[in-house]
Amino acid sequence: MTPGPAARDPAPLRWGVAILAFLLLTVFLALPLAAVFTEALRRGWGTVLDAYADPDAMAAIRLTLLVAAISVPVNTIGGIAAAWCVAKYDFPGKRLLTALIELPFSVSPVISGMVFVLLFGAQGWFGPWLQSRDIQIVFALPGLVLATVFVTFPFVARTLIPLMQEQGRAEEEAAATLGAGGWQTFRLVTLPNIKWALLSGVLLCNARAMGEFGAVSVVSGHIRGETNTMPLHIEILYNEYQFAAAFAVAALLALLALVTLVAKTVLERLSGRREMVH
Amino acid sequence: MTTARAHRDPLPGFGLSLGVTLAWLSLIVLVPLSALALRPWELGVSGVIRALSDARVLAALRLSFGSALLSALANLPLGLLVAWVLVRMRFPGRRLLDAMVDLPFALPTAVAGLALTALFAPNGWLGAPLKEIGVAVAYTPFGVFVAMMFVGLPFAVRTVEPVLRDLGTEAEEAAATLGAGRAQALVRVVLPALAPALLTGFGLAFARAVGEYGSVIFIAGNRPMVSEIAPLLIVQRLEAFDYAGAAAIGLAMLAVSFLALLLLGLVQAWLRPGRRG
């Protein structure tokens, strides 16, 4: 956007502002990222690879992948269902429903984890019942998954809802009138229209699922090799003064973030839209 | 629409999708959050008040809300500056700058916390020169503020940016044509138009900062009464199996946050008519 002459600032001022913004962001955002990689590589590649080969680190990586592999599909299906009913129909309470879907974004991660401890922990509402049947939720995989699903709950729904609202329902109605069934309509008409946004929402959901710290920290119990995800493993290494290893694992997660950002930019270009990430 | 749908909607799937949504929402979000709303009262009203008036809890709440407020405020001019550059200028590297803004959203909080600590530690790239001039960031309340600013910045940029883009430059040009100075045009034409978006960005950054845990606890040093944030106290209470006490702190945090956001919404509603008229 080039403003007309009356609203144009002198070139030195404009460039000064741009350079200032660039400097501030570099110092504030890029430098921390650079610090992670520098610290990780300080003692050479050998230390980095050793940090990954450690059995506890391997277990943490496996657990992180497993938790994401369960949470992301759950939230994808829920997110598509929510976007479908919010975007394609009118019904009383729709605004309330939309607000409730966004709710997990405004809740502290620690509180997101805590609610499941309040339900399923040793002193939780269902704690004694679960204990008598020898079912572990908190301090085990189910708790990690529940906390992760809670935290990543809105991602897919909130990427899809504005797009599907904009697209309306004429195409789907036409398909249905021509005799297509519900699943057929969704697969052949809706899905092609939303595929890039859906992929972008899934990617963001996945990045958050793999990187979540506060919520899983509360429900994990920090059992080495068993209930530590990668972010929790980082904390343990750091607290044990194994800085090189901590930064090595952190670098892996930072790479995931960078890949997600690049993919998101590409997808935005493909779909011609941009969404806000959280 | 509603009655028409009840008779025969050509588009199937309303019942199914609403059912799935409600089940998903209730099981994952509503039932768990209701536990948070109900558990503190096991202590009785006086017990909740006692749990919250503990000196350490009060200090932690003050730190969490105080730094969140300051960091969200500090993010406004920075966010405005970055949004301005992204919307109004074309230069090589603009796309990189644009992508960089989302970094705090994408970076896992534990990684951000570790990175900021490494950067601002007394021997870090920024910590060392700052130490020379007598400023300590890591392991102080100032570090809490810095981490909160880091996670909140994208909210400030991303809420102002689209409004600034839609605003265009016509209004400024008109103001200039009518004899307004450049500063006058910016302060009296552009800034008021951006005010609601700035408030939204402030609210989002504030809400995020209040609850922030991962990126703060590494740099904070977590000294009781000094640099200990409220979410950390919740974690400690839970580890001590004081569920009701933990829930009380959590509920207080949520209540204050929602009140703050509500207040912000009211201010925005009050700003709106005067601006467009």
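Student: What share of residues 135-157 of chain A is helix, and how far apart are the end C-alpha atoms?

Tutor: One reads the secondary-structure content of a span together with its end-to-end distance. In this predicted model, residues 135-157 of chain A are 65% helix and 0% strand, with end C-alpha atoms 31 Å apart. Residues 12-37 of chain A are 100% helix and 0% strand, and their end C-alpha atoms lie 35 Å apart.

Student: Which feature does UniProt place at these residues?

Tutor: An unreviewed UniProt entry gives "transmembrane region" for chain A at residues 12-37, 57-87, 99-123, 135-157 and 243-267.

Student: Which residues of chain B does UniProt list for "domain: ABC transmembrane type-1"?

Tutor: The record, again an unreviewed entry, lists residues 61-264 of chain B. That stretch of chain B is 79% helix and 0% strand, and its end C-alpha atoms are 20 Å apart.

Student: At what angle do helix 8 and helix 10 of chain A pack?

Tutor: Helix 8 (residues 155-167) and helix 10 (residues 182-211) of chain A pack at about 160°, their axes 7 Å apart. The two helices are therefore roughly antiparallel to each other. Helix 8 of chain A passes helix 10 of chain A in a right-handed crossing.

Student: Which residues of helix 8 of chain A meet helix 10 of chain A?

Tutor: Helix 8 contributes A:Phe155, A:Val156, A:Thr159, A:Leu160, A:Leu163, A:Met164 and A:Gln167. Their partners in helix 10 include A:Ile194, A:Ala197, A:Leu198, A:Gly201 and A:Arg208. The residues of this contact between helix 8 and helix 10 of chain A comprise eleven nonpolar, six polar and one charged.

Methods. Residues numbered from 1 in each chain as written. Chains lettered and ligands numbered in written order. Predicted model: local features only at pLDDT ≥ 70, side-chain atom pairs only at ≥ 80, totals over all residues. Heavy atoms only, no water. Axes fitted to C-alpha atoms, helices over the stretch in contact; angles between N-to-C directions. Helix = DSSP H or I, 4+ residues; strand = E, 2+ residues; numbered from the N terminus. Parallel < 35°, antiparallel > 145°, perpendicular 65-115°, else oblique. Left-handed = near helix turned anticlockwise from the far one by under 90°. Contact = heavy atoms within 4.5 Å. Nonpolar A, V, L, I, M, F, W, Y, C, P; charged D, E, K, R; others polar. UniProt positions renumbered as here; feature names shortened; annotations may be inferred.
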